[in-house]
Amino acid sequence: MIRIAPSVLAADFSRLTDQLAQAEAGGADWFHLDVMDGHFVPNITFGPLIVSAIRKVTRLPLDTHLMIASPDTFIRQFRDAGADHIIVHQEVCTNLHRTVVRIRELGAKPGVSINPDTPASTLSSIISDIDLVLMMSVYPGFGGQKFIEGTIDRIKEVRALIQRTGRDVRIEVDGGIDVTTGPTVVRAGADVLVAGTAIFRRPDIAQAVRDLRKSVEQISAE
């Protein structure tokens, strides 16, 4: 089953509760939360307080993507705030296995993200220990960027790594996802679509979620 994870960063924060409710009404499966610190990526978004506020207005899983330079320092805070999935970047973790174990010990599902210029092969030593791989199909830090076509081959490579483990590890794709690119990444092996602009910048948010799901329904049923 394909999961749709609207990226909250693209929402109107002055109407956040209403817009989250609209996305839920359209059939969203998770909410994706982009946490940026201005160090690992050139932007600053929000921290545990906002995650906690979002937790209070939705029962959907909170897919929390830590684009921060020192994720180990904040893992507990984000888990306590209500994060269900905690995703860290391979590029910043000095002991990735230890970080992943800590996330699982705290009761969250651990995930690892890689940037477009990080070889997919770097995941080979950790793939058996995680529940999620987040493939960045743009360079992280800003919303609304164009999908990088080279992501397709990288998704296929990660799917092959997962199949060798025999585990149910989900592949998320984040960056430039819409009704055109969504089917492309699903065919390559993705099963979670993170979409921000394509959902929250549409006049009808619920319909935008339904449209994205419809665009991949036939592929996921094959």
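The largest nonpolar core here takes in 65 residues, and Val-173, Val-185, Leu-193, Ile-199 and Phe-200 have the most contacts inside it. Such a core is a set of buried Ala, Val, Leu, Ile, Met, Phe, Trp, Tyr and Cys residues joined through side-chain atoms within 4.5 Å; buried means under 20% relative accessible area, with a 1.4 Å probe and protein chains only. Keep in mind that this is a predicted model: local features need pLDDT of at least 70, side-chain atom pairs count only at pLDDT 80 or more, and totals for chains, interfaces and linings use all residues. Residues are numbered from 1 along each chain as its sequence is written, and side-chain values use heavy atoms, leaving out hydrogens and water.

- A second, separate core has nine residues, among them Trp-30, Ile-87, Leu-132 and Leu-134.
- Beyond neighbours within four places in sequence, Ile-199 is in contact (heavy atoms within 4.5 Å) with Ile-4, Pro-6, Ile-205, Ala-208, Val-209 and Leu-212.

**His-65**
- His-65 sits in strand 3 (residues 62-67) and counts as buried because its relative accessibility is 0%.
- Leaving aside neighbours within four places in sequence, the contacts of His-65 include His-32, Asp-34, His-89 and Asp-174.

**Helices 5 and 6**
- Helix 5 (residues 151-165) meets helix 6 (residues 181-188) through Ile-152, Ile-155, Lys-156 and Arg-159 on helix 5 and Thr-184, Val-185 and Ala-188 on helix 6.

Conventions. Buried < 20%, exposed > 50% of the residue type's maximum accessible area, 1.4 Å probe, protein only. Helix = DSSP H or I, 4+ residues; strand = E, 2+ residues; numbered from the N terminus. Axes fitted to C-alpha atoms, helices over the stretch in contact; angles between N-to-C directions.
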